[in-house]
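Thanks for coming, everyone. Let me put the model on the screen, and then I'll walk through it piece by piece.

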Amino acid sequence: MKYRVRHLTEYLYGAPVTLCYNMAHLLPRDTHNQRCLSRRILVSPTPVYQTEGEDYYGNPTFYFSVQEPHKKLAIDVECYFEIEQNDLSNQLTLHGLTCGELRQQLASASSTELRMVKEYTLNSTHIHRSEELANYARSCFQDDIPVLQASMDFTHKIFEEFKFDPTATSVSTPPEQVLKEKRGVCQDFAHLAIACIRSLGLPARYMSGYLETLPPPGQEKLVGADASHAWFAIFIPDLGWVEFDPTNDLMPNEQHIVTAWGRDYADVTPLQGVIFDGGDSQALNVSVDVQRV
Amino acid sequence: MTNIVTPSTAALTEAPFVAPYAAPENAFDEAFEVNRLPRLAWQSVMSAVHELGAEGMQDRHLRAQRILRDDGATYNLKSDPLSPNVWSLDIIPQVMVESEWRVLEAALKQRAKLFDLIYKDLYGEQRLLKEGILPSEIVFSHPGFLRQCHGLNWPTDIMLTFHAVDLVRDQSGRFIATGDRTQAPSGAGYALENRTVVSRVLPSLFRESQTMRLAGFFQTVRETLSKLALHLTESPRIVVLTPGAYSSTYFEQAYMANHLGYPLVQGGDLTVRNGKVWMKSLNGLSRVDVIVRRVEDAFCDQAELRSDSMLGVPGLLEVARQGNVVVTNPLGSGLLETPAILAFLPQISQFLMAEELLLDSVETYWCGDTNHMGYIEANLKRLIIKPAFRGINSKSIYCHQLDAKGLADTLAMVKANPVGFVAQHYIPSSYSPIWDNGVMHARPGILRTFSVATDEDFCVMPGGLSRVADHDDQCIVSKRLSGSRSKDMWVLSDSTETDIDVPLDNLPTSQAQAANLPSRVVENLFWFGRYAERAEMSLRLMRTIFKQLNGIDRFPTESREVLLGAMSEITGSLPGFQDQPELIENPNDELAALVVDANRVGSIKANLQQMLACAEQVKEMLSADTRIILNELRDHIHSVDRAYVNGLPSVPEESLDSLVTSLLAISGLNHESMLRGMDWMFQEIGRRTERALLTANLLKQTLSRPLPSLQQQQVLESVLLSVEALISFRRRYRTRARVSYGLDLLMIDRSNPRSLIYQIEQLRKYLEELPQSEQTVLGLSPDKRLIIKSLNDIQLADLESLAQIDESTQTRADLAELMTQIIEQLEKLTTLISDKYFDHTAGPQQLIKAKWKNNV
């Protein structure tokens with residue numbers, strides 16, 4: 001399947017910004033089933049300095065600096081890419097590696113892969129493991145339950161027990177609070193799932209990207225379309241990273257487009273940086289359009 | 001053992017020196033053998049101490065203290081510029097013979113190479129983690145592992161430019177490493193200062209001992225840093241990035257920057273433009289190629305690292321990543337300081353270099369390793385528990401000091417987060433002699449050594465920073481540089497030839513640097529000048545008022561009102577005396593407050609403190625003599641404080657005299673000894689503008705109100721006295737105390753260095769010499785226009801009519817108006833200068849971050 005993504009980000013400032021330095025994670029990355037065909041990024045006003053690079057996790061980065069005074073900063077990303085089917089749902093019944101076995105493998109860390117995957121079992125900027133988080137997910141991830149099945153059940157549990165509510169949380173709401181209030185947005189659900197899974201000693205990572213805006217005929221529109229989306233992946237030795245979307249209660253197949261992954265949101269923030277001047281007020285508009293082509 | 005030549009063996013055989021103390025049995029005695037005779041290496045030092053005797057040693061000790069204070073060698077300067085902590089130094093050197101040193105040196109080189117390889121691996125291929133040589137959790141959970149710094153561009157083979165090691169000697173005399181400093185090691189500058197001081201107070205001992213010199217090390221530092229920028233330019237601009245004057249090792253940073261000949265800059269002095277780093281200087285932006293940083297990793301760049309940092313340069317990391325500036329030690333190198341690495345160092349050395357380690361580390365166990373936990377639990381009582389990741393509040397727990405409950409709590413804490421802790425064995429430090437209160441004592445000590453990268457290897461400073469416990473009862477020397485006493489480390493050369501010595505003062509020409517001062521530096525000098533002048537003028541007026549209050553002449557109410565009112569005006573502490581008849585009758589408390597209340601903005605003490613704070617900010621620019629005077633000034637401020645402790649003393653002006661003298665000494669020194677560079681110029685501009693402003697204000701406050709003739713004379717004479725013009729006035733005009741004569745002397749007399757016109761003419765000269773921006777202004781620039789306008793206003797003034805009393809207002813309205821106008825023009829001028837030459841960028845703010853909720 002081929003897609004075209006258009007992602008517009010606009011910052012509006014109360015007073016002119018004289019100087020800014022920004023690091024963006026806005027360009028889609030290549031994955032085992034996703035390939036970028038072409039991409040274009042336009043910043044206005046034109047940056048005096050810009051570079052494309054790759055971060056620690058292999059995600060494409062875009063760094064730029066604007067030195068002329070501006071009250072509006074616009075970043076317009078357009079890219080085309082191709083996604084192959086990646087249907088792992090049949091594995092749900094077939095794959096038998098249990099949570100207990102995976103925990104044991106991680107403890108012995110006998111392969112390079114397992115040693116490196118430990119990064120995703122530890123605390124990170126937004127995620128701090130806790131007993132409370134572990135308790136919430138413990139029933140799903142019992143030692144004798146297959147990891148894949150456990151993850152799907154847990155995804156379903158979050159989908160059932162949490163309410164999608166964009167007003168309930170902010171970028172920095174900790175998973176504990178989301179757990180208490182049982183509401184939030186895709187980013188919160190992804191963080192919560194990751195935090196619970198790590199609290200139970202298993203590796204989970206944060207996935208950031210887009211969803212197809214208009215569903216194929218006869219299917220419902222998914223929540224989180226028209227905007228950036230977030231979900232999580234869990235590591236299973238011979239399958240690699242298997243993705244789950246707790247906001248939509250499903251395993252991403254070919255409608256989820258990946259821009260970046262990392263330990264949590266902080267590693268893949270779409271746009272971070274600092275501005276000089278600009279007054280006290282900032283407003284942010286984001287729009288995303290994902291179409292099949 | 002060694003073939004060291006001891007010059008005073010003859011003296012020794014006559015008077016054998018026996019240890020005056022005994023080191024504890026479980027510790028190595030650095031200076032004495034078991035038979036209590038000095039070790040061979042120490043014989044010359046011990047006989048020198050012996051020959052000097054208690055009195056001689058005390059005398060040298062005091063001299064060393066004085067030099068340190070005059071050099072401004074401080075540590076841990078808190079927010080009080082009045083009482084800096086003087087760096088603590090013991091004058092008995094720590095001694096080692098060359099043969100022993102060479103063995104240690106080889107081991108330290110190997111260790112530095114190893115840490116360089118570890119840095120490159122962890123921020124590159126990560127083979128150590130992939131192969132399981134170093135447990136990956138140690139790195140992955142370390143907050144100092146900055147993933148943003150992965151894959152930095154670097155122009156040379158070795159990335160870890162500086163490496164320092166803390167060493168102790170165990171009971172058998174073997175050196176053991178207890179920790180590594182890999183990010184911005186401090187101490188090399190203190191070691192250099194120690195050497196300078198000790199070689200000055202014990203010159204003949206130093207000369208005869210053939211001590212290996214430190215200069216070669218610092219020369220290598222310069223060469224290495226220059227090479228880091230060879231791919232960018234042939235004449236690199238290198239700067240030292242400091243966290244600022246309140247950083248605990250600021251003295252050292254300033255000292256090193258000066259010694260190496262590099263500008264000392266703060267984050268705000270630098271800016272990133274067009275993908276490069278620039279220093280904001282008087283001449284505009286100048287490109288920076290190499291940054292030697294003393295700022296910690298995470299604080300270096302608000303754009304990608306800690307956005308709440310006040311110390312960084314936004315955008316720096318990206319420039320470094322692209323190789324357009326070299327920041328050293330490389331960003332992210334703080335990671336290597338984790339003690340957890342020590343537990344795996346032998347295996348790491350085998351893996352990365354296929355070498356056995358020549359230097360052992362203190363026995364360390366990482367609690368995250370389940371195989372080690374059993375041992376840790378069984379031996380807890382003998383271990384030190386340390387956080388694996390050094391944080392602000394991280395503290396070591398010495399388990400032998402704990403009771404049963406303490407041990408249980410510690411174990412529970414470790415088990416809750418085993419990855420975050422290490423356990424180490426405690427090694428009793430060796431004992432070294434120190435000179436304390438006239439007696440030689442033994443104290444436990446540690447040694448910090450310093451290595452700097454060369455092309456393919458490392459160069460180790462032949463010496464180091466030796467530190468001993470400050471008190472008798474301390475058994476542990478602090479990791480930080482505070483709370484201990486330092487010693488100069490001497491490596492005694494085997495050969496009698498003096499080694500090729502680069503003179504210590506062989507500085508690269510600082511010409512280019514002087515022309516290119518960071519704006520912050522000139523701004524501080526400008527304010528230094530202003531505060532100094534403000535303090536001096538207030539002091540002079542204050543002394544005059546005290547004389548009148550306690551004088552033999554009557555001091556009528558009108559005179560009091562005018563002079564006390566002027567005092568409030570000049571110190572800017574309004575309303576103060578103005579329209580406060582009760583206060584004017586009983587002025588003592590208010591006057592005392594204007595002298596010593598540091599919390600009153602504008603008080604004499606507050607001005608002096610501000611002045612000292614500015615001096616501290618530009619420490620590296622001050623001459624040795626200036627520092628000496630500033631120290632005296634600090635002492636004088638303390639004595640004024642003591643004199644005023646119960647309010648106004650009976651002779652209140654007495655203790656103020658020495659303050660005035662110190663201030664005069666500073667301005668005299670500037671005149672006689674300072675090169676006429678931009679630093680001098682801005683200090684002078686600050687001084688002249690302030691004097692002009694205050695003089696105009698003083699004239700307006702004191703002379704625009706008409707008074708009965710006796711009072712008028714008293715006020716006029718007081719003003720003249722306070723600006724040191726009374727004698728000239730009397731000589732010139734005899735006893736005719738007319739206001740217009742006073743104005744003649746104070747406003748338009750070019751030969752009076754305190755007259756208004758003198759200040760403004762000087763200012764005009766200075767402005768001519770300041771660098772001008774390239775853009776051409778038609779006609780005169782606004783600042784020059786203001787100066788010429790003020791000059792004309794003064795020159796064209798009709799003094800007789802200024803002295804006339806206006807019928808309707810019953811004031812000298814013309815005088816008041818003219819002075820107001822001149823004050824306004826001068827204030828506008830300072831704003832123009834400040835806008836043009838100083839940096840006013842506000843700090844950066846963070847972008848708000850998108851949250852995934854825009855779909856509703």
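**Loops, helices and the chain contact**

I start at B:Pro575, which sits in the loop between helix H16 (557–570) and helix H17 (581–585) of chain B. The peptide bond from B:Leu574 to B:Pro575 is cis, with omega near 0°. A word on names: helices (H or I, at least four residues) and strands (E, at least two) are DSSP runs, numbered from the N terminus.

Some ground rules before I go on. This is a predicted model, where local features need pLDDT of at least 70 and side-chain atom pairs count only at pLDDT 80 or more, while totals for chains, interfaces and linings use all residues. Residues are numbered from 1 along each chain as its sequence is written, and chains are lettered from A and ligands numbered from 1 in the order in which they are written.

Chain A has a cis peptide bond too. That bond joins A:Ser44 and A:Pro45, and omega is about -5°. A:Pro45 is in the loop between strand E2 (34–44) and strand E3 of chain A.

Next, backbone angles in chain B. B:Asn274 is not a glycine, yet its phi is positive, about 50°. Where is B:Asn274? In the loop between strand E8 (270–273) and strand E9 (276–281) of chain B. B:Asn274 is exposed, with 12 other C-beta atoms within 10 Å. The cut-offs: buried takes 20 or more other C-beta atoms within 10 Å of the residue's own, exposed 12 or fewer, and partly exposed is in between, with C-beta atoms placed from the backbone.

B:Glu724 is another non-glycine with a positive phi, about 60°. Its loop runs between helix H23 (709–722) and helix H24 (726–733) of chain B. B:Glu724 also counts as exposed, with 12 C-beta neighbours inside 10 Å.

E8, E9 and E10 of chain B form an open sheet of three strands, in the order E8-E9-E10, with antiparallel pairing. E8 and strand E10 (284–288) of chain B stand at the edges with a single partner strand each, so one side of each has no neighbour in the sheet. The twist averages 45° from one strand to the next. To count as a pair, two strands need at least two bridges found by DSSP. E9(B) and E10(B) are joined by five bridges. Across from B:Lys280 stands B:Leu285 in E10(B).

Now a helix pair. Two packed helices are described by the angle between their axes and the distance between the axes. In chain B, the axes of helix H15 (residues 519–549) and helix H22 (residues 678–703) come within 7 Å and cross at roughly 35°. Axes here are lines fitted to C-alpha atoms, for helices over the stretch in contact, and angles run from 0 to 180 degrees between N-to-C directions. H15(B) passes H22(B) in a right-handed crossing; that is, the near helix is turned clockwise from the far one by less than a right angle. Residues making the contact include B:Phe526 and B:Trp527 of H15(B), and B:Phe682 and B:Leu694 of H22(B). Contact means C-beta atoms, placed from the backbone, within 7 Å. The residues divide into eleven nonpolar, four polar and eight charged. Nonpolar is Ala, Val, Leu, Ile, Met, Phe, Trp, Tyr, Cys and Pro; charged is Asp, Glu, Lys and Arg; the others, Gly among them, are polar.

Over to chain A, strand E9. Is E9(A) buried or exposed? Mostly covered: nine of its nine residues are buried. Both faces are covered, with A:Phe232 among the buried residues on one side and A:Trp231 among those on the other. Seven bridges join strand E8 (residues 204–211) of chain A to E9(A), running antiparallel. There, A:Ala204 has A:Ile234 as its bridge partner. E9(A) also runs antiparallel to strand E10 (residues 240–244) of chain A, over five bridges. A:Phe235 partners A:Trp241 in E10(A). E9(A) and E10(A) form a hairpin with three residues between them.

Last, the chains together. The contact takes 44 residues from chain A and 36 residues from chain B. Elements giving two or more residues on the chain A side include strand E9 (228–236) and strand E12 (271–277). E12(A) gives the most, with seven residues. The chain A side divides into 24 nonpolar, 15 polar and five charged. A:Ile275 has B:Gln845 as its bridge partner.

Technical notes: Two residues are in contact if their C-beta atoms, placed from the backbone, lie within 7 Å.
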